[in-house]
Amino acid sequence: MSKETLEFQAETRQLLHLMVHSIYSNKDIFLRELISNASDALDKMRLESLTNKEIQVDTSDLHIEVEADKDKRTLTIRDNGIGMTHDEVVSLIGTIAKSGTAEVLRKLREASDAGASAELIGQFGVGFYSTFMVADKVTLVTRKAGESAGTSWESTGEGTYEIEALDEAPQGTSVTLHLKPEDREDQLFDYTAEWKIREIVKRYSDFIAWPIRMAGEDQPLNSMKALWARPRGEVTPEEYHEFYKHLSHDWTDPLETIHMKGEGTFEYEALLFVPSHAPFDMFTRDGKRGVQLYVKRVFIMDDCEALVPQYLRFVKGVVDAHDLSLNISREILQQDRQIQVVRRRLAKKVLSTLKDLKAADAEKYGTFWSEFGRAVKEGLIEDPDNREQLLDLTLLTSTAAESTSLREYVERMKDGQKDIYYMTGESRAMVEHSPHLEAFLAKGYEVLILTDPIDEVWVEQVAEYDGKTLQSAAKGKVDLGESEPPPSRRQTSRSCCRGSARSWRRTSRRSASRPG
Ligand SMILES: Nc1ncnc2c1ncn2[C@@H]1O[C@H](COP(=O)(O)OP(=O)(O)OP(=O)(O)O)[C@@H](O)[C@H]1O
């Protein structure tokens, strides 16, 4: 096959433009992204060699190599991992498969200053493309394990890339950055300096499980210690944060870190993170869910759904289970009783951590709730075992408070008030204009205002809190010591609620039916 020039997908082009014109001040992170990709490729290589007896690959020295050429001003990151086929290079490197890309781009266009755009791009995480912050040309050469031909890919990040089949190439992937000339004089951006490379690797990639070496040197730059296997007291917050970023491709620190160990018949270590913002695809069908599964330090799979309930899909992390087969399939994991026990324990631990956060730092908890509250409400429906805990985590608005917990509502209840009153609707304004509300306000009762489509569904299932019935202010017989509002008005308010419940059910059905 001869050399072909292909165009980047439109969305990729726009993101690349942002990278080339570097809006992100911390350029060093490009190296973290490349090392992260190389490390994933080595994980996949090891798993393949352990589970596929056909494959003939020397895996005795899986590693990452960094080579700097001061004169040519290039930096190369090499791995002997799984590599990519020609088609994989086109689909993985030429396109951004992330759902929510269009949304990020729209927000980026609206963002008024560079700081806001940098923040957004950091949340989105652009992996490989971050190389264009420091390079004006990037060359990638790769050969997939088990294949004889290789592929080279080259681009200046300006709209097109060249791709070419190679008769020969070393197995694995190398990425060469042709560093921007304008950074030549700036020591801060001298990515050909060994001290600089050492510093970045130490800071961002120390825990990578594979040796990262400077070309021609034997001694790895990183300590290679799996973070989750180290005693909690020995790991610094910075180390946890860098590990989270490696894992999630998020550029911002996590909100909470949970490091735990399960002992007894089924041993495991878990290192989980609650991110500080919701992923863009949290409510879409192809949104990812689950944590990484390792078996005694060997990476087995990404997005292991069996380990976290659907409503906690925003939790990121690693679970290293000691007694599982390396060949374990997703289907078997779903049914495994031990895994179900681990999943329950992890869910409980996440919920108790959130409870502690709520008690300790209302502001931080408020951030959590505004990002993930909608997902947590799904738990009220999905996870009856933890319902009490989940109800205590729930924040709602009411006629008396912008944000209130059910506990606080109960504490404010008037003498003689037996039930918790709520009203659902499409918006606060709609609920406030409801004639039903007037009677409650006139009596001095506080009414919860529920405007999330999902609220319609959970209030019906939950039925009570702290022994008090959740009672709709618009439905049924509420004894306020006077006659009920006329039926025609009641009708109006009900129909406004039904639409929203239907729309939530539609979305949730869609996400539940996502393939494999
Ligand atoms: N060194 C490598 N070896 C093998 N495959 C690679 C390598 N680098 C990248 N890839 C493939 O290209 C894909 C895209 O990489 P990129 O860094 O853009 O995104 P990502 O690693 O999936 O991160 P994100 O979650 O931010 O999208 C990777 O998921 C991987 O499949």
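## Basis of the model

Residues are counted from 1 along each chain, in the order in which its sequence is written. Because the model is predicted, local features need pLDDT of at least 70 and side-chain atom pairs count only at pLDDT 80 or more, whereas totals for chains, interfaces and linings use all residues.

## Domains and their contact

The domain assignment of the protein gives domain 1 (4-222), domain 2 (229-360) and domain 3 (394-512), with bounds that come from an automatic or database domain assignment. The centres of domain 1 and domain 2, taken over C-alpha atoms, are separated by 26 Å. To their contact, domain 1 contributes 21 residues and domain 2 contributes 21 residues, where two residues are in contact if their C-beta atoms, placed from the backbone, lie within 7 Å.

On the side of domain 1 that touches domain 2, the elements that give two or more residues are α2 (29-51), α4 (101-110) and α5 (114-124). Such elements are DSSP runs numbered from the N terminus, with helices (H or I) of at least four residues and strands (E) of at least two. The most residues on this side come from α2, which gives 8. Sorted by class, this side of domain 1 has 8 nonpolar, 8 polar and 5 charged residues; here Ala, Val, Leu, Ile, Met, Phe, Trp, Tyr, Cys and Pro count as nonpolar, Asp, Glu, Lys and Arg as charged, and the others, Gly among them, as polar.

## The shell around the ligand

The ligand is surrounded by 17 residues, of which the closest are Asn37, Ala41, Leu92, Gly127 and His249; a residue is near a molecule if its C-beta atom, placed from the backbone, lies within 6 Å of it. At least two residues of this shell are supplied by each of α2 and α3 (86-93), and α2 gives the most, with 4 residues. By class, the shell divides into 7 nonpolar, 7 polar and 3 charged residues.

## Helices α1 and α4

Two packed helices are described by the angle between their axes and the distance between the axes. Axes are lines fitted to C-alpha atoms, for helices over the stretch in contact, and angles run from 0 to 180 degrees between N-to-C directions. Helix α1 (residues 10-20) packs with α4 at an angle of about 45°, and their axes are 10 Å apart. The two helices are therefore oblique to each other, since angles under 35 degrees count as roughly parallel, over 145 as roughly antiparallel, 65 to 115 as roughly perpendicular and the rest as oblique.

The contact is made by Glu11, Gln14 and Leu18 of α1 together with Thr101, Ala102, Leu105 and Leu108 of α4, and by class it has 4 nonpolar, 2 polar and 1 charged residues.

## Helix α10 and its partners

Helix α9 (residues 337-360) and helix α10 (residues 362-382) pack at an angle of about 130°, with axes 6 Å apart, and that angle makes α9 oblique to α10. In this pair, Leu354, Leu357 and Lys358 of α9 meet Lys364, Tyr365 and Phe368 of α10, a contact that divides into 4 nonpolar, no polar and 2 charged residues.

Helix α10 also packs with helix α15 (residues 455-462), at an angle of about 35° and with axes 9 Å apart. Here Lys377, Leu380 and Ile381 of α10 meet Val457, Trp458, Gln461 and Val462 of α15, and the residues of the contact divide into 5 nonpolar, 1 polar and 1 charged.
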